[in-house]
Every structure is written in C-alpha cells, then in structure tokens.
Amino acid sequence: MNNKYKILIVEDEVNISRFLTALLEANGYSVINANTAEKGHLMFTSHHPDLIVLDLGLPDKDGMCLLDEIRETSATPIIVLSARSDESDKVSALDKGANDYVTKPFGSQEFAARVRSILRSNRHSADEGKLPGGKFTSGDITIDYDARKFFVADNEIKLTQTEFNIMALLSEHFGKVLTYSFIAKEIWGYFDTGSIKKLQVNMANIRRKLSLEPGSGRYISNELGVGYRMHSD
Ligand code: CA
C-alpha cells in the first residue's frame with residue numbers, strides 16, 4: 001500500500017518541474033505534474049493531492065485564478081511559486097488562501113523544509129492543535145479559548161483582550177502566514193495605514209510578555225512586509 005504524501009506540481013517550466021519532482025521524490029513524496037492551469041485543475045479533482053505547488057505564471061491563465069478555483073471547494077495546502085519578487089503578489093496569494101509563498105530562485109533545502117512544515121502543521125491542526133473543550137496546544141503554549149487564558153509551560157501570561165485575540169487568531173490558522181490586512185480586519189474590523197503599526201506594537205508587547213527577544217522567531221515568525229505566522233517551537 002502506498003501511503004506517501006502526494007504532491008501536485010503545477011509548473012510549465014520543464015527544468016523547474018523536473019528539479020522539484022526529483023527533490024520531492026528524494027524526500028519520500030509521490031509527485032504528479034501538470035504544465036497548465038487547466039491540467040492542474042483536472043489533476044487536483046481526480047487525484048486529491050495532499051499539497052499543491054503552484055506556479056503563478058502559467059501559459060493558459062494566471063495561477064492566481066487556479067488558486068481561487070481550488071479554494072472555492074478545498075483547503076488543500078498550496079505553496080505558491082513565482083518569479084515575481086513583488087510583495088503585493090505575495091500578499092494577494094496569501095489573502096486568497098495560499099499557505100506559503102516561495103520566490104524563484106530558491107534553495108532545495110529551504111523548499112523541502114517548507115513542504116515538511118506545511119504538511120506537519122496541516123496534520124497538527126487536524127489532530128492535535130485544537131483539543132476538545134475549546135483548547136489549543138502546541139509545544140509549551142496552551143490557549144484556553146473559552147476562559148480566554150494563555151499559558152506558557154503552565155504559567156498564565158496576562159494578555160490584554162487585543163493581544164489575546166491576536167494569539168487566538170494566529171493559533172486558529174496555525175502554520176499559515178496571516179497577512180497584516182487579514183489580521184487587522186479580524187481584530188479591529190478594518191485595515192488602514194495605522195493598522196500595521198498598531199499590530200506591531202501589540203506583537204512587541206506579546207513577545208515581551210512571553211520573554212522573547214525582539215526579532216526572535218520562537219512561536220511566531222514575522223514575515224517581513226507580509227504578516228505573521230504561528231509555528232511549532
Ligand atoms: Ca511559469
């Protein structure tokens with residue numbers, strides 16, 4: 001029986017497609033390929049992959065369209081791949097529901113680590129992250145959603161309402177980068193020029209309360225210019 005994770009690569013550049021296929025197969029995944037958005041959609045519906053690697057520049061249509069189509073029916077993790085280094089593409093792909101974003105050229109180690117991390121956090125959120133009784137746990141963090149309490153290694157950390165809401169939101173989307181605008185809209189109901197600053201101030205306070213050095217990526221990483229992600233320790 002084949003119980004390997006199945007990964008669909010939607011990429012029209014033969015060299016990159018071959019490179020990724022070899023890399024992922026060497027890491028123990030089973031790989032299927034499509035070189036257009038249309039074929040990608042067909043293979044997605046017929047093969048039910050565990051993860052999709054999606055190039056944005058496809059010959060028949062923009063990969064963003066395929067991202068939209070997949071997200072209408074499915075939460076399958078998607079890593080967007082693009083030659084564009086524009087931040088706005090990164091943000092809009094994440095806002096459309098991509099789980100992560102890799103800009104070409106990228107290193108094989110980095111890419112394999114992203115894939116592992118997404119598959120792990122996806123399994124984590126399904127099996128471990130949210131416990132019955134409205135609790136979340138990852139490493140030494142525990143969040144009691146009903147009592148609105150936050151613990152690190154059984155010690156309660158006193159967070160303000162806003163700080164708690166931010167941490168609860170990140171934990172509900174464990175492993176995924178949430179963009180500044182997504183977080184601001186969820187927390188304050190709107191996104192404006194002051195929101196990012198307000199969010200940064202709250203994050204700095206949370207880090208201080210968790211005794212994290214400024215710039216430390218423990219528990220939460222700051223994806224510069226994009227957003228924040230909660231991840232395993
Ligand atoms: Ca391409």
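Lys-104 is buried, its relative accessible area being 14%, and this residue of the predicted model is placed in the loop that runs between strand E5 and helix H5. Because a residue counts as buried under 20% relative accessible area, the 14% of Lys-104 puts it in that class.

When residues up to four places away in sequence are set aside, the residues touched by Lys-104 are Glu-11, Glu-13, Ile-16, Asp-55, Leu-81, Ser-82 and Ala-83. The peptide bond that leads from Lys-104 into Pro-105 is cis, with an omega near -5°, and Pro-105 itself belongs to the loop between strand E5 (100-103) and helix H5 (108-129).

**Asp-100 in strand E5**

Asp-100 is a residue of strand E5, and it is buried, with a relative accessible area of 4%. Its side chain makes a polar contact of 3.1 Å with the side chain of Arg-114, and another, of 3.4 Å, with the side chain of Arg-229. The pair formed by Arg-229 and Asp-100 is also a salt bridge, with 3.4 Å from N to O. Leaving out residues up to four places away in sequence, Asp-100 touches Ile-78, Ile-79, Val-80, Leu-94, Arg-114, Ile-118 and Arg-229.

| Side chain | Partner side chain | Polar contact |
|---|---|---|
| Asp-100 | Arg-114 | 3.1 Å |
| Asp-100 | Arg-229 | 3.4 Å |

The domain assignment divides the protein into domain 1, covering residues 6-121, and domain 2, covering residues 126-230. The rule for polar contacts finds four residue pairs across the interface of domain 1 and domain 2, with both residues of each pair at pLDDT 80 or more. On the side of domain 1 that touches domain 2, helix H4 (residues 87-95) gives the most, with five residues, and by class this side has three nonpolar, three polar and four charged residues.

The size of an interface is often given as the accessible area lost when the parts come together. For domain 1 and domain 2 the area buried between them is about 820 Å², and 50% of it is on carbon and sulfur atoms. Three residues, Leu-94, Asp-95 and Ser-121, supply 46% of the area that domain 1 buries against domain 2, which is more than any other three residues supply. In terms of contacts, 10 residues of domain 1 meet 11 residues of domain 2, while the centres of the two domains, taken over C-alpha atoms, are separated by 27 Å.

**Phe-19 in helix H1**

Phe-19 is located in helix H1, which spans residues 14-26, and at 37% relative accessibility it counts as partly exposed. Apart from residues up to four places away in sequence, Phe-19 touches Phe-106 and Ser-108. Phe-19 and Ser-108 are 89 residues apart along the chain, yet their C-alpha atoms are separated by 8.8 Å.

**Two residues with positive phi**

Arg-148 is not a glycine, but its phi is positive, at about 55°. This residue lies in the loop between strand E8 (141-144) and strand E9 (149-152), and it counts as partly exposed, at 35% relative accessibility. Asp-154, likewise not a glycine, has a positive phi of about 70°. The loop that holds Asp-154 is the one between E9 and strand E10 (155-157). With a relative accessible area of 72%, Asp-154 is exposed, because the exposed class is set at over 50%.

Technical notes:
Residues are numbered from 1 along each chain as its sequence is written. Side-chain values use heavy atoms; hydrogens and water are left out. Helices (H or I, at least four residues) and strands (E, at least two) are DSSP runs, numbered from the N terminus. Buried means under 20% relative accessible area, exposed over 50%, partly exposed in between (1.4 Å probe, protein chains only). Contact means heavy atoms within 4.5 Å. Domain bounds come from an automatic or database domain assignment. Buried area is the accessible area (1.4 Å probe) that two parts lose on being put together, summed over both. A salt bridge is a side-chain nitrogen of Lys or Arg within 4 Å of a carboxyl oxygen of Asp or Glu. A polar contact is a pair of N or O atoms within 3.5 Å; within protein, one must be able to donate a hydrogen and the other to accept it, and residues adjacent in sequence count only if both atoms are side-chain atoms. Ala, Val, Leu, Ile, Met, Phe, Trp, Tyr, Cys and Pro count as nonpolar, Asp, Glu, Lys and Arg as charged, and the others, Gly among them, as polar.
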